[in-house]
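I opened the model to look up a few items and wrote them down in the order I checked them. The entries follow the structure.

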Amino acid sequence: MIYSRIAGTGSFLPGDPVTNDDLVERGIPTSDQWIVERTGIRSRHLAPDGMNCSDLAFEASRRAIESAGVAPADIDLIIVATSTPDFIFPSSAALLQSKLGIRNAGAAFDVQAVCSGFAYALSIADKFIRSGSHQRALVVGAEVFSRILDWKDRGTCVLFGDGAGAVVVEAAEEPGILASAIHADGTYNPILCVPGTVAGGAVIGDPFLRMDGQAVFKFAVRVLGEVAQEVLDAAQLTTGDVEWLIPHQANIRILQATAKRLSIGMDRVITTVDQHGNTSAASIPLALDLAVRDGRIQRGNHVLLEGVGGGFTWGGVLLRY
Ligand code: ACO
């Protein structure tokens, strides 16, 4: 029987932190108090002009490959979860493969499931590896959401940040990834979307992120609770077996409500939203890498990852690290 396990993690945040007060200084009509009370966000990182999704993905991947103790040439599958790719095409995964100096080896493609993207990508990599078709995957969440924010809309622009996280997933004799589940319900697409596109050399429609915050909040808490239970049931475990919960870092109140619903204390929830803001598909692997490197997540720990995002999409992955 072939299983998959996480062999290494890495992450990257561009530039210095940008605090809530920095945003006020830049002329956004908000306050540190409003943002902290509503979201828990204190700062975020914003990529400078010219730094794109594949650049962030490259830095995070380099660290993940190094921590796995492998060489780039050992990777035969690259999946980048992103909604803010460098280009319409080629995929950021293909660009990343080139930046890593990997030539003509395996497959590389992007997954677009917004803030659930990393849960989707990890679930896909697990299935490829367990099928025997691929041996070692690089799974990345990388975003430059700052590029799709309307900086005149204070209701959304204060919530997001840029960054990347990556894991190396490889074939193993013992199970690392114990269960995964991914879902979508496209009828909810209007509550979180970027409803514009490019056609005929022009932007058609609205190219900025738009959100019905309260509708998103209710939806997110419900499905994060449901998908957590689904993967726990599939692995025949309970929340009591989970050492660490890593929900998508949208908002501290969503994290708290999810943890409460699952009867998991906040001391077992990895939280980065205060320092990173919402980095969409990057938020889960960024938090995972942080907690692995600071020693909270240890080999053998049960870790429950779960994401929810535009589409609407949602997913969970339960693993033994
Ligand atoms: N600073 C100051 N005031 C603000 C700001 C701001 N940044 N943004 C909005 N306001 C004002 C509004 O103008 C409004 O003022 P008014 O009453 O005078 O009209 C007031 O605050 C309330 O606005 P709401 O939009 O109703 O604010 P709400 O209490 O719903 O909080 C928030 C907004 C924080 C987004 C909330 O809806 C929420 O937590 N939603 C969850 C969604 C989320 O976190 N999304 C992240 C991305 S989705 C994902 O990752 C899955």
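Entry 1: I looked at Arg-293 and Asp-289, which both lie in helix α10, 4 residues apart, about one turn of the helix. Helices here are DSSP runs of H or I with at least four residues, strands are runs of E with at least two, and both are numbered from the N terminus. The two side chains meet in a salt bridge, with N to O at 2.7 Å. I took a salt bridge as a side-chain nitrogen of Lys or Arg within 4 Å of a carboxyl oxygen of Asp or Glu.

The cut-offs are under 20% relative accessible area for buried, over 50% for exposed, and partly exposed in between, with a 1.4 Å probe and protein chains only. I then went through the rest of α10, residues 283-293, and found the helix mostly covered, with 9 of its 11 residues buried. Among them are Ile-284, Leu-286, Leu-288 and Val-292. Gly-295 follows α10 and has a positive phi, near 90°.

**Entry 2: basis of the values.** This is a predicted model, in which local features need pLDDT of at least 70 and side-chain atom pairs count only at pLDDT 80 or more, while totals for chains, interfaces and linings use all residues. Residues are numbered from 1 along each chain as its sequence is written, and side-chain values use heavy atoms, with hydrogens and water left out.

**Entry 3: other salt bridges.** I noted 12 salt bridges in the structure. One of them joins the side chains of Arg-296 and Asp-294, at 2.8 Å from N to O. Arg-296 is partly exposed, with a relative accessible area of 31%. Asp-294 also counts as partly exposed, at 44% relative accessibility. Elsewhere, salt bridges that share partners join Asp-150, Asp-153, Asp-206 and Arg-210 into one network.

With Asp-206 the side chains meet at 2.6 Å, N to O. With Asp-150 the closest N and O atoms are 3.1 Å apart. Arg-210 counts as partly exposed at 24% relative accessibility, and Asp-206 is partly exposed at 24%.

**Entry 4: the two domains.** Which residues belong to which domain? The assignment gives domain 1 as 3-174 and domain 2 as 178-320; such bounds come from an automatic or database domain assignment. Their centres, taken over C-alpha atoms, are separated by 14 Å.

I wrote down the contacts next: 51 residues of domain 1 are in contact with 43 residues of domain 2, where contact means heavy atoms within 4.5 Å. The area buried between the domains is about 3600 Å², and carbon and sulfur atoms give 60% of that area. Buried area is the accessible area (1.4 Å probe) that two parts lose on being put together, summed over both.

The count between the domains is 2 salt bridges. I also noted 26 residue pairs in polar contact across this interface, both residues at pLDDT 80 or more. A polar contact is a pair of N or O atoms within 3.5 Å; within protein, one must be able to donate a hydrogen and the other to accept it, and residues adjacent in sequence count only if both atoms are side-chain atoms.

Elements that each supply at least two residues of the domain 1 side include β1 (3-12), α3 (53-68), α5 (117-131) and β6 (136-144). The largest share, 8 residues, comes from α5.

**Entry 5: two serines.** Is Ser-116 buried or exposed? Ser-116 is buried, with a relative accessible area of 0%. Ser-116 lies in the loop between β5 (107-111) and α5. Not counting residues up to four places away in sequence, Ser-116 touches Gly-307, Val-308, Gly-309, Thr-313, Trp-314 and Gly-315. Its side chain makes a polar contact with the side chain of Thr-313, at 2.8 Å.

I then turned to Ser-54, which lies in helix α3. Ser-54 counts as buried at 1% relative accessibility. Leaving aside neighbours within four places in sequence, I listed Asp-86, Ser-92, Leu-95, Leu-96 and Lys-99 as the contacts of Ser-54. With Lys-99 there is a side chain to side chain polar contact at 2.7 Å.
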